[in-house]
Amino acid sequence: MEEAVLRTIPILRAANRGERERRPIPEASRSRTIRVGSAARAGGGRGAALLLALALPLGALVTGSPAQGEEAKKEDSDRPLQTVAADALPTVQIDGVVWDQEVVGTTVYAVGQFTSARPAGAAPGESETPRTNALAYDITTGEMLDWSPQVDAQILEVEASPDGSTIYLAGEFTQVGGEATARVGAVDASSGERKELGLGANSVVEAMDVSPDGSTLYLGGAFTELNGKDRARAAAVDLASGSVTDFAPKIADFSVRSIAVAPDNSAVTLGGSFTSVDGQATPGLALMGVDGTLRELGLADVVSSGGQFSGAMNLSGDDRGFYAVFYSGEGNFEGMLRADWQGGQIDLMADCHGDSYDVQPAGDIVYVASHAHDCSMIGGFPETNEPRQHWHAPAFSATARGTVQPSPEPHYASHTGQPAASVQQFFPEFAPGTHTGMTQATWTVEASRDYLVYGGEFTSVNGKPQQGLVRFARRHVAPNQEGPTDPGEPGIKASVTDSGEVELRIPYRRDRDDATLTYALYRDDTEGKTLEDYQAKTAVWNSKQRRAYWETGEVVARDTVEPGSTHTYVVVVWDQWGAWTRSETITLTAGEAPEDDDADQQDDDAEDDAGKGAGAARGADGAQPPEGAPEGQQPAVDPQGDAPEGAQRQPAEAQR
């Protein structure tokens with residue numbers, strides 16, 4: 001297991017010891033010339049793949065036994081949900097790390113440890129504007145706003161008042177706007193000017209939340225005093241009077257890293273690395289009333305993640321319950337879970353290996369900031385090595401779609417039978433940064449109605465420079481240009497027999513945000529500059545294929561042509577939003593069919609063909625987008641060796 005990732009800079013520990021950097025996806029495979037003779041020469045794939053079951057269409061009539069009905073229900077539950085698009089939208093950049101963000105209307109407040117900001121597309125050192133650990137930007141444009149409070153040290157948490165007029169800050173700072181402000185303060189949401197809050201803590205404040213009615217500010221951290229009153233790592237303040245309330249749970253050790261208040265103000269959840277509250281063992285999580293009275297936590301029998309190197313890193317909440325994400329060096333859980341506000345019983349779990357740092361529910365999707373590397377326990381991406389692949393922005397269903405399976409790694413705890421979320425098709429790729437020395441990428445995730453925003457220390461997204469902040473959008477807002485990409489070598493394998501049977505084995509195309517892709521094979525009429533050009537043509541074969549992003553394998557396309565004829569082929573692949581790619585042209589010549597009454601000549605021809613590879617083929621296995629293809633599109637990937645469902649084949653004669 002990874003060692004703990006502790007957010008406060010002075011006590012950061014390495015989380016990825018021994019882990020290697022991710023290998024980039026290969027560029028498009030090179031063009032190759034193929035000559036195929038009288039013997040069929042099928043190119044091999046790169047191994048079998050995991051298959052996702054095709055979803056039962058909604059409203060379809062189900063007949064048969066109850067068991068068959070249950071199976072159909074299960075297949076429908078596997079249907080992919082609609083995430084935001086994976087297009088990384090231009091966003092202001094920073095030169096350090098973003099620890100937290102808060103969305104108020106169309107404004108995003110970002111805090112962390114940084115000294116300057118620069119526009120999207122600008123390289124480090126270019127067009128920089130001073131920003132001391134806090135900035136704001138427009139969520140619809142990504143452009144930085146004038147808001148610029150002066151804070152003398154890193155800010156770990158930001159929260160807004162319910163009316164959006166005040167921004168609360170917590171962290172390690174001792175000054176805001178040049179005035180003494182001991183680790184918790186407030187500024188105006190419009191001007192950034194300091195507001196008098198009258199609070200001071202004797203050590204770092206890492207966690208905050210505001211009650212739904214805006215009357216109470218809850219605080220957590222490593223402090224033992226707030227405004228001179230004894231408060232063991234958790235406290236609350238009456239914002240009307242400025243007085244410290246009687247909310248005073250006794251947190252025995254380490255720190256409180258996150259706080260979430262129930263939307264109906266009925267409960268408060270604390271998360272962190274502590275091991276006990278009020279003398280009761282509560283490693284990493286505690287559920288209590290708003291008066292601080294500890295409640296029974298049902299999930300305590302399943303998850304234990306407190307101590308020096310483990311804990312609940314962040315919390316969020318909605319009407320369905322509270323969400324928690326964990327890091328673990330000595331605990332037993334590193335993923336995401338949701339539990340009810342009343343008794344803390346788990347009703348959703350994303351059991352993934354790899355520390356998790358923040359969580360954001362957004363309708364029927366839950367987004368996480370993490371470095372997950374194995375979600376196979378819930379039917380998601382498996383562990384890969386040489387190098388290990390980390391996913392820094394996994395997305396999960398907000399409802400259970402199965403049960404958690406045992407861990408394939410014996411040194412990880414198993415949570416078999418828990419209600420499992422499913423991994424959704426959202427796979428933007430982040431390059432880890434170096435600011436914290438942790439080799440991490442994302443640390444925080446927030447959302448508005450139409451946008452999703454990640455912050456952290458990453459240096460690029462989807463292969464393009466973008467440091468520290470990035471936006472994604474729902475489909476009706478996004479450009480939807482992240483489409484199928486090419487797997488590279490070995491590329492498309494082609495074979496043809498003497499009788500004119502053509503077979504193309506096409507490696508799966510990968511799409512960061514669409515599991516279902518349409519594959520089409522065009523013969524002879526292969527020129528086109530747009531997807532519409534190709535869709536107006538008649539394909540000799542086409543098939544819709546649903547494949548998870550991490551799957552490898554092949555799609556098999558077949559055609560029949562006259563013996564001795566020469567033909568050109570092109571493979572075009574697209575998603576439902578019109579993002580597409582095409583292969584380069586492949587030219588194949590079928591060998592002449594032997595005469596039935598000339599067995600000797602037939603044998604001679606077979607020997608010749610075996611020796612020199614008869615038949616001619618010119619073209620490419622790779623895939624490069626044609627001129628006029630949407631910007632940023634690269635040819636595609638996805639593999640599996642079986643012939644695709646719904647494959648259609650048309651003989652050459654039908655096309656003449």
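In this predicted model, serine 495 has a bridge partner in strand E37, and that partner is glutamate 503.

Elsewhere in the chain, serine 116 lies in strand E4, which spans residues 116–118. Is this residue buried or exposed? Its relative accessibility is 7%, and since anything under 20% is taken as buried, serine 116 counts as buried. If its neighbours within four places in sequence are left aside, the residues in contact with serine 116 include Gln93, Ile94 and Asp95, as well as Glu128, Thr129, Pro130 and Arg131. With aspartate 95, the side chain of serine 116 makes a polar contact of 3.0 Å. Glutamine 93 is 23 residues away from serine 116 along the chain, yet the C-alpha atoms of the two are separated by 8.5 Å.

A covalent link comes next. A disulfide is a covalent bond between the sulfur atoms of two cysteines. A search of the whole structure finds 1 disulfide, and it is formed by cysteine 352 and cysteine 375, whose sulfur atoms are 1.9 Å apart. The pair links distant parts of the chain, 23 residues apart: cysteine 352 sits in the loop between strand E26 (346–350) and strand E27 (356–362), while cysteine 375 sits in the loop between strand E28 (365–370) and strand E29 (395–397). The torsion about the S-S bond is about 110°, and the disulfide is therefore right-handed. Cysteine 352 is buried, with a relative accessible area of 3%, and cysteine 375, at 0%, likewise counts as buried.

Finally, consider the protein as a whole, which contains 3 helices and 43 strands. Of its 656 residues, 57% count as buried, and its accessible surface comes to about 25300 Å², of which 46% belongs to carbon and sulfur atoms. Among contacts between residues at least 6 apart in sequence, 62% join residues at least 24 apart.

Methods: Residues numbered from 1 in each chain as written. Predicted model: local features only at pLDDT ≥ 70, side-chain atom pairs only at ≥ 80, totals over all residues. Heavy atoms only, no water. Pairing = 2+ DSSP bridges. Helix = DSSP H or I, 4+ residues; strand = E, 2+ residues; numbered from the N terminus. Buried < 20%, exposed > 50% of the residue type's maximum accessible area, 1.4 Å probe, protein only. Contact = heavy atoms within 4.5 Å. Polar contact = N/O pair within 3.5 Å; in protein donor to acceptor, adjacent residues only side chain to side chain. Areas by Shrake-Rupley, 256 points an atom, 1.4 Å probe, with all protein chains shown as cover. Disulfide = S-S within 2.5 Å.
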